[in-house]
Amino acid sequence: MAMIDGAAVDALGEEVLDWRFKAVPASAHGSTVREYARARRPLDEFGTPLLTLDAGALDHNLELMAGWARSAGALLAPHGKTTMAPQLWRRQLEAGSWAITVANLPQLRVARAFGVRRVLLANALLDAAGLAWLSAELEEHPEFDFVCWVDSVRSVELMDEALRAARAQRQVDVCVELGGPHGRTGARDVNDAVAIGEAAEKAPTLRLAGTGGYEGALAHDASAEGLAAVDTYLGRLADLHGRLPYETDEPLVTAGGSAFFDQVVAALGGLDGRLVLRSGAYLVHDDGFYRGISPFARGSGDGERLRSAMHGWARVVSRPEPELALLDAGKRDLPFDEGMPEPQIVRGTGGAPLAKARVTALNDQHAFLRGAAVEVGDVVRLGLSHPCTAFDKWTLIPVVDDAGAEEPVVVDLVRTWF
């Protein structure tokens with residue numbers, strides 16, 4: 001059985017291009033997405049600011065991570081909130097991913113609208129109306145598999161009350177979430193987490209299906225201290241996994257963002273049940289935070305590395321001072337929470353790198369570029385950091401054949417749903 005509704009994804013190609021999509025040039029208005037992609041138009045037709053994806057880098061990253069997970073004996077449930085793009089989810093599922101992960105109820109609804117058959121909600125779902133909708137969805141679609149988190153006895157009680165009120169016919173699978181000091185959600189004490197699992201096992205509307213957590217909230221670099229904090233946490237997660245009264249023969253143990261999934265496999269790979277990694281950023285990667293911290297940058301993968309598949313493009317609109325240029329892309333267009341955009345090349349000049357240039361600040365619609373030999377009208381390609389805060393700024397993203405080419409060509413358009 002297909003893991004996503006291919007017909008629903010294919011139907012995105014029939015969407016008509018118009019003013020609703022800020023990336024799309026006026027010359028494309030009236031064409032469908034499919035027609036425009038097949039025309040292979042030059043990127044020069046697109047205005048700025050702009051975000052693009054690189055087709056070759058997407059292919060490379062997809063294959064590298066899928067192969068690594070297989071060789072590690074882990075299942076992959078990539079976090080869909082990174083892209084919120086069913087076209088990319090389909091590629092991940094067709095490459096062998098076991099499920100798609102989401103972070104909240106609206107994202108879950110997008111996944112179900114496109115027929116994603118197995119979804120992990122890496123969060124608690126306590127909204128009574130949302131649980132009533134979920135109950136109906138599970139009853140109407142027996143092939144739909146779902147699991148979410150609980151991290152307190154109270155969350156178990158609230159879920160059970162809401163599902164009873166909704167007259168739920170199918171139990172909802174839950175994983176007990178373990179957190180860490182100064183981390184995000186998740187029970188802080190293993191004994192407390194065991195009590196939560198026992199409460200879930202007793203709740204008639206729930207089925208205790210596993211344990212889960214997120215190590216990425218406990219370290220923000222690959223220093224010895226950061227890696228040790230991750231290992232300590234994963235050891236506690238392994239301890240919890242062995243102590244819960246599961247109601248399934250193959251309980252899940254799930255962790256693994258995009259920074260420390262190698263440690264997750266090392267610590268949890270030998271446990272009974274199914275190990276599920278939820279890495280989300282790998283498909284797009286970046287030229288910033290993940291470039292430095294990814295396990296592939298630290299030696300995993302036999303020397304292979306992920307490639308950044310996203311770039312910003314911005315035009316020089318002002319040179320008000322000798323060392324300052326203003327670009328027409330800002331916080332509304334590009335990610336900035338994990339580092340400023342990185343000036344790389346000026347389009348159409350042979351790819352000479354902007355070695356000493358840097359973006360020092362972003363306003364809503366402008367970037368402050370210093371140390372670059374550029375002229376008003378030049379288009380600068382920018383390396384970006386953190387794909388999780390890039391896609392949400394764009395409803396339609398052009399995919400180019402090669403972002404490093406002298407004249408990139410648009411070969412696809414990816415729709416997002418935030």
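Me: Buried or exposed, what is Asn-61?
Reply: This is a predicted model, where local features need pLDDT of at least 70 and side-chain atom pairs pLDDT 80 or more, while totals for chains, interfaces and linings use all residues. Numbering starts from 1 along each chain as its sequence is written, and side-chain values use heavy atoms, leaving out hydrogens and water. Asn-61 has a relative accessible area of 0%, and the cut-offs are under 20% for buried, over 50% for exposed and partly exposed in between (1.4 Å probe, protein chains only). So Asn-61 is buried.

Me: Which residues is Asn-61 in contact with, leaving aside neighbours within four places in sequence?
Reply: Asn-61 sits in helix H3; helices (H or I, at least four residues) and strands (E, at least two) are DSSP runs numbered from the N terminus. Contact means heavy atoms within 4.5 Å. With those sequence neighbours set aside, the partners are Tyr-282, Leu-283, Val-284, His-285, Leu-306, Arg-307 and Ala-309.

Me: H3 also packs with H4, so how are H3 and H4 set relative to each other?
Reply: H3 (residues 55-72) and H4 (residues 86-94) pack at about 40°, axes 10 Å apart. Axes are lines fitted to C-alpha atoms, for helices over the stretch in contact, with angles from 0 to 180 degrees between N-to-C directions. Under 35 degrees counts as roughly parallel, over 145 as roughly antiparallel, 65 to 115 as roughly perpendicular and the rest as oblique. H3 and H4 are therefore oblique.

Me: Which residues of H3 and H4 make the contact?
Reply: By class, the H3 contact with H4 has 3 nonpolar, 1 polar and 2 charged residues. From H3 come Leu-58, Asp-59 and Leu-62, and from H4 come Leu-88, Arg-91 and Gln-92.

Me: And how are H5 and H6 oriented?
Reply: H5 (residues 105-113) and H6 (residues 128-140) pack at about 20°, with axes 11 Å apart. That makes H5 and H6 roughly parallel.

Me: Which residues of H6 does H5 meet?
Reply: The H5 contact with H6 divides into 4 nonpolar, 1 polar and 3 charged residues. H5 brings Leu-105, Leu-108, Arg-109 and Arg-112, which meet Gly-130, Trp-133, Leu-134 and Glu-137.

Me: Which are the edge strands of the sheet?
Reply: The open sheet of 8 strands runs E2-E9-E8-E7-E6-E5-E4-E3, with parallel pairing; two strands pair if DSSP finds at least two bridges between them. E3 and E4 (residues 118-124), for one, pair over 3 bridges. The strands that pair on one side only are E2 (75-76) and E3 (100-102).

How values were computed:
Nonpolar A, V, L, I, M, F, W, Y, C, P; charged D, E, K, R; others polar.
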